[in-house]
Amino acid sequence: MIKTRKNLGIYIFVILTISFVIVFLCVLTSLNRYIGSEAYRSIQNCEGFLRKRDSDSYMEYSEGKNLFRSYYFLLEFDAEEFRPDMEYGVENLVRSWCRENRDKTNKIYTVELEDRLFYIKQIREQDTNDRIAIYTDISSAKTMEHIVMLILLMVMIVCDVISTVVGFRMTKRIRDEQDKQKKFFENASHELKTPLMSIQGFSEGLQKGVIEEQHAYKVIQKEVRKMSQMVDEILLLSKYDRKSMKYNKEEISINELVGDALDAFYMEIQNKNLTVTTEIEDQFITVDIEQMQRAVSNVISNAIRYAQTRIYIGCTGGTLVIWNDGTSLSEEDAKKMFDRFYMGEGGSTGIGLSLAKEILEQHGFSIKAENYNEGVRFIIVLR
C-alpha cells in the first residue's frame with residue numbers, strides 16, 4: 001500500500017508555480033527580443049535604402065514584409081529655426097529628442113517620449129553631410145505584449161489554482177482509498193482468523209478425542225471452503241486490477257446460470273427457511289461461464305444474507321432482477337455498496353458485490369441496486 005505522507009496539492013502547486021514562472025519569463029524575454037530585433041531590422045533596412053537612394057527618391061521607400069514601419073526625415077532645423085509651437089506629432093517628438101542629442105549618431109537608441117517607445121538612429125549623408133533621423137514607433141507592439149502577458153498570467157494562475165484543487169482532491173481520494181484498504185485488510189484478517197480459529201479448535205478436539213470426527217470434518221471442510229473462496233476473490237480482484245484476466249466465453253442459458261447458483265446455496269436457503277420464487281424468460285448469453293456464475297452467485301448470496309422470508313428472481317427481455325425482503329438500503333449503502341472494500345451493516349469482507357460489478361462490466365453488462373417494494377432489488381442488464 002502506498003503511503004501518502006504529503007499532500008499532492010502542495011507538490012502540484014509548487015511545481016506548477018515554478019514551471020509557470022519559468023514559462024512566463026521565457027515568453028516575456030522572447031517577445032522582447034523579437035520586438036527589438038524586428039524594430040532593429042526595420043531601421044537597418046530603411047538606412048540601407050537611404051544609403052543607396054538617389055537624391056530625389058525620398059518618397060520611394062517601402063518597408064516590405066517587416067513587422068514595423070520605419071520613417072525618416074531631414075534634421076535641417078537648427079536651434080533658431082526650430083519652433084516649439086509646431087503642431088504636436090510623433091515626428092515632432094523625435095525631432096525634439098534629436099535636437100537635444102546631436103552627438104548620438106550612427107547607433108540605434110531606445111527612447112521613451114511622452115509615454116511612447118521609439119527606436120531612433122541618426123545618420124549623416126556622405127555627399128551632403130545632412131543629418132537624417134530614422135525612427136520606429138513600437139508603442140503598439142509593447143502594448144500588445146503587455147496584454148498578451150497579462151492574459152497568459154491570468155491563464156497560468158487559473159490553471160495553477162485548478163490543478164492545485166485537483167491535487168488536493170486526489171490526495172483526499174487516495175487517502176480515502178488507503179483507509180478503505182486498511183479497513184478491508186483488517187476485516188479480511190478478521191474473516192480469515194475466524195475460520196482458522198475454528199479449524200484449530202476442531203483439529204485440537206480431534207487430537208484429544210473430545211469431538212466427533214464426522215462433525216469436525218464437516219466444520220473444517222466448510223471453513224476451508226470459506227477461506228478458499230475469500231482468497232480466490234482477492235486474487236481475482238488483483239487480476240482485474242492488472243488487466244490480466246482472460247475469458248473463455250461460451251453460451252449458457254440464464255435459467256441454467258441462476259439454477260446452478262441457487263443449487264450452491266440450497267442449504268443456506270433451507271436453514272433460513274426462505275421462500276425463493278423464480279420467473280425466468282429464458283434466453284442464451286455468451287459469457288465466461290465460471291466468472292458469470294461467480295457474479296450471479298455473489299448477488300444471490302447478498303440477497304440470502306439480508307432476506308427475511310422471501311427472495312424473488314425474475315428475467316424478462318435480458319434484464320435479471322434479484323429481490324429480497326430485507327432492510328431497505330441506507331443512502332450511504334445505495335451510493336457505495338459496489339465500491340471495493342466497502343462493507344455495509346452486516347456485510348462480510350466487502351469484496352463480493354464489487355467483484356460482481358467488475359465481472360458484469362467486463363462482459364458489457366451493468367448492475368444497480370435500489371429500494372423496491374419493502375425490500376431491495378438488484379437489476380442486472382444482460383445486453
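Of the 383 residues in the protein chain, 39% are buried, where buried means under 20% relative accessible area, exposed means over 50% and partly exposed lies in between, with a 1.4 Å probe and protein chains only. The model is predicted, so local features need pLDDT of at least 70 and side-chain atom pairs count only at pLDDT 80 or more, while totals for chains, interfaces and linings use all residues. Residues are numbered from 1 along each chain as its sequence is written, and side-chain values use heavy atoms, with hydrogens and water left out.

The secondary structure of the chain comes to 9 helices and 11 strands. Helices (H or I, at least four residues) and strands (E, at least two) are DSSP runs, numbered from the N terminus. Contact means heavy atoms within 4.5 Å. Among contacts between residues at least 6 apart in sequence, 65% join residues at least 24 apart.

Of the 7 residues of E4 (residues 131-137), 6 are buried, so the strand is largely enclosed by the rest of the structure. In general, strands of a sheet pair through backbone hydrogen bonds, either parallel or antiparallel. Here, two strands are taken to pair if DSSP finds at least two bridges between them. E4 pairs with E1 in the antiparallel sense over 5 bridges, and Leu74 stands opposite Ile132 in E4. E4 also pairs with E3, again in the antiparallel sense, over 7 bridges; Gln122 has Ala133 in E4 as its bridge partner. Strand E3 (residues 116-124) in turn pairs with strand E2 (residues 109-113), antiparallel over 5 bridges. Glu112 finds its bridge partner in E3 at Leu117. The hairpin of E2 and E3 has 2 residues between the strands, and Glu114 there takes a positive phi near 50°.

Aromatic rings come next. Rings of Phe, Tyr and Trp (its six-membered ring) pair if their centres lie within 6.5 Å; planes under 30 degrees apart count as stacked, over 60 as edge-to-face and the rest as tilted. The structure holds 6 aromatic pairs. One of them is the tilted pair of Phe49 and Tyr72, at 6.5 Å centre to centre with 50° between the planes. This pair links distant parts of the chain, since Phe49 belongs to helix H1 (residues 8-52) and Tyr72 to strand E1 (residues 70-74), 23 residues apart. Tyr72 is buried, with a relative accessible area of 16%. Elsewhere, ring pairs join Tyr71, Phe73, Phe118 and Tyr135 into a cluster. The charged end of Arg69 sits over the ring of Tyr71, 5.1 Å from its centre; this label requires NZ of Lys or CZ of Arg within 6 Å of the ring centre and within 35 degrees of the ring normal. Lys104 likewise has its charged end over the ring of Tyr109, 5.5 Å from the centre.

Another sheet deserves a look. This open sheet of 5 strands has the order E6-E8-E9-E11-E10, with mixed pairing. Strand E6 (275-280) and strand E10 (366-371) stand at the edges with a single partner strand each, so one side of each is left without a neighbour in the sheet. On average, neighbouring strands of this sheet are turned by 10° against each other, direction ignored. E6 and strand E8 (residues 310-316) run parallel and are joined by 6 bridges, with Glu279 bridging to Gly314 in E8.

Helix H5 packs on this sheet, touching E6, E8 and strand E9 (319-324), and its direction makes about 165° with that of E6. Axes are lines fitted to C-alpha atoms, for helices over the stretch in contact, and angles run from 0 to 180 degrees between N-to-C directions. The buried residues of H5 are Ile254, Leu257, Val258, Ala261 and Leu262. Seen down the axis of H5, these residues fall within an arc of 125°, so they line one face of the helix; the arc is that of the directions from the helix axis to the C-beta atoms. The face of H5 turned away from its buried side carries the exposed residues Asp263 and Ala264.

Phe265 lies in the loop between helix H5 (254-264) and helix H6 (266-271), and counts as buried at 11% relative accessibility. Leaving aside neighbours within four places in sequence, Phe265 is in contact with Ser297, Ile300, Ser301 and Ile304. Phe265 and Ile300 are 35 residues apart in sequence and 8.6 Å apart in space, C-alpha to C-alpha.
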